[in-house]
Amino acid sequence: MKIVLSNKSKIENVDFENLQFGKIFTDHLFVCKYSNNSWNDGEIMPYEDFLISPSARVFHYGQAIFEGMKCYRSDKDSLILFRPDENFKRFNKSSSRMAIPEIPEKIFFDGLTELLRIDKDWVKKGDGNALYVRPFVFASEPSINASEAIEYTFMIICCPAKSYYGNQKIKVKIEEKYSRAAKGGVGYAKAAGNYAAQFYPTAIAKEEGYQQIIWTDSNNHKSIEEAGTMNLFFRIGEKLITSPTSDSILDGITRKSIIKLAKDLNIDVEERIITVDELLEAQDSGSLKEIFGTGTAVVILPIKTFGYQNNDFNLPDLDNPWSLELKKKLTDIQYDKSSEYEDWKVKIN
Ligand code: COI
């Protein structure tokens, strides 16, 4: 693999204590191109702007997908990627749905590990600190013909991050007008346009004082799906309920890890459809104890209030919420403080 190093690192100018998510990037990136039916070997180069044709199909038809994963630094100074094999599988699943050629495993992992080795100083120690790794691929062929491209660009960029919302608890709104995904659509894929389509309804929710939307099914807005940047878990009585993954729900890696960890704690986990009516009844009877979101960027995020049809409902303040217990179990694995689930950790040497 060709490697061109930057002349000077930007790291000295970065205030790692006050990071805004996704604004600052490390010194290098990995780039790999697809043409004539195959991917080239890829190269590492300094992180910088690049030239692209105004007719590149991605700008016109949105043929692009991405992944989000995190690299952690343990107290013993090892760098750990959390379940990157799952991100790789989902990357190609998303690509297939968007008619983008799959990326070979060797190119993905060689590029990823080499990039992390080179930019390792950007992975800081300490709870909440991580390097957010963003692999993405887009149709770079110059053509506005409305069909899949024959040329693509795959890149990996990285940004130092704290948890997405810090330690705050958030307020979410159950959406009844707009939809995130439909049956047979692309909701399960990390297609760039899935996120763009949420910005407008989310901006409206933000004006109303919420940070995110709880999406409901597109048929009749009765069953709960996900929150766009996170999957959702509901503690009703002593059960933990989460919607089953489907073609309209993202198969979250944090979601599946939390299901496993909750079962290990003998928590009764149900993966099944949960309706807005059930949620409201549980709230009414006092059995709704917790709602939390899970995702790579947010890790585990407790929700303090949900809004529905202009009413706000507050969740109780618990002494020992499951969200906290599960977050500790998960982050202990991610920072290599616990020896559980060694197969979830990929160490970068
Ligand atoms: C992630 O958790 O990686 C996400 O997809 C959220 C991102 C859009 C900020």
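In this predicted model, an oxygen atom of the ligand is 2.8 Å from a polar backbone atom of Ala-297, a polar contact (a pair of N or O atoms within 3.5 Å). The protein covers 90% of the 290 Å² of accessible area that the ligand has on its own, as computed by the Shrake-Rupley method with a 1.4 Å probe.

Residues are numbered from 1 along each chain as its sequence is written, and side-chain values use heavy atoms, with hydrogens and water left out. As the model is predicted, local features need pLDDT of at least 70 and side-chain atom pairs count only at pLDDT 80 or more, while totals for chains, interfaces and linings use all residues.

Helix H6 spans residues 276-285, and its buried residues are Val-276, Leu-279 and Ala-282. Helices (H or I, at least four residues) and strands (E, at least two) are DSSP runs, numbered from the N terminus. Buried means under 20% relative accessible area, exposed over 50%, and partly exposed in between, with a 1.4 Å probe and protein chains only. Why do the buried residues of H6 line one face of the helix? Seen down the axis of H6, they fall within an arc of 125°, so they line one face; the arc is that of the directions from the helix axis to the C-beta atoms. An α-helix has 3.6 residues a turn, so residues three or four places apart point the same way. The face of H6 turned away from the buried side carries the exposed residues Glu-281, Asp-284 and Ser-285. Strands S10 (170-174), S12 (231-236), S15 (288-295) and S16 (299-308) are among the elements covering the buried residues of H6. After H6 comes Gly-286, with a positive phi near 85°.

Another buried residue, Arg-255, belongs to helix H5 (residues 253-264) and has a relative accessible area of 3%. Setting aside neighbours within four places in sequence, Arg-255 is in contact (heavy atoms within 4.5 Å) with residues including Asn-231, Phe-233, Glu-271 and Thr-294.

Charged side chains give a further view of the fold. Side chains of opposite charge can pair when their charged atoms come close. A salt bridge is a side-chain nitrogen of Lys or Arg within 4 Å of a carboxyl oxygen of Asp or Glu, and the whole structure holds 30 of them. One joins Asp-110 to Lys-106 at 2.5 Å, N to O; both lie in helix H3 (residues 105-118), 4 residues apart, about one turn of the helix. Asp-110 is partly exposed at 31%, whereas Lys-106 is exposed at 60%.

Lys-337 forms a salt bridge with Asp-127, their closest N and O atoms being 2.9 Å apart. This pair links distant parts of the chain, 210 residues apart: Lys-337 sits in the loop between helix H7 (322-334) and strand S18 (345-348), and Asp-127 in the loop between H3 and strand S8 (130-139). Lys-337 is partly exposed at 43%, while Asp-127 is exposed at 59%.

How values were computed. A polar contact is a pair of N or O atoms within 3.5 Å; within protein, one must be able to donate a hydrogen and the other to accept it, and residues adjacent in sequence count only if both atoms are side-chain atoms.
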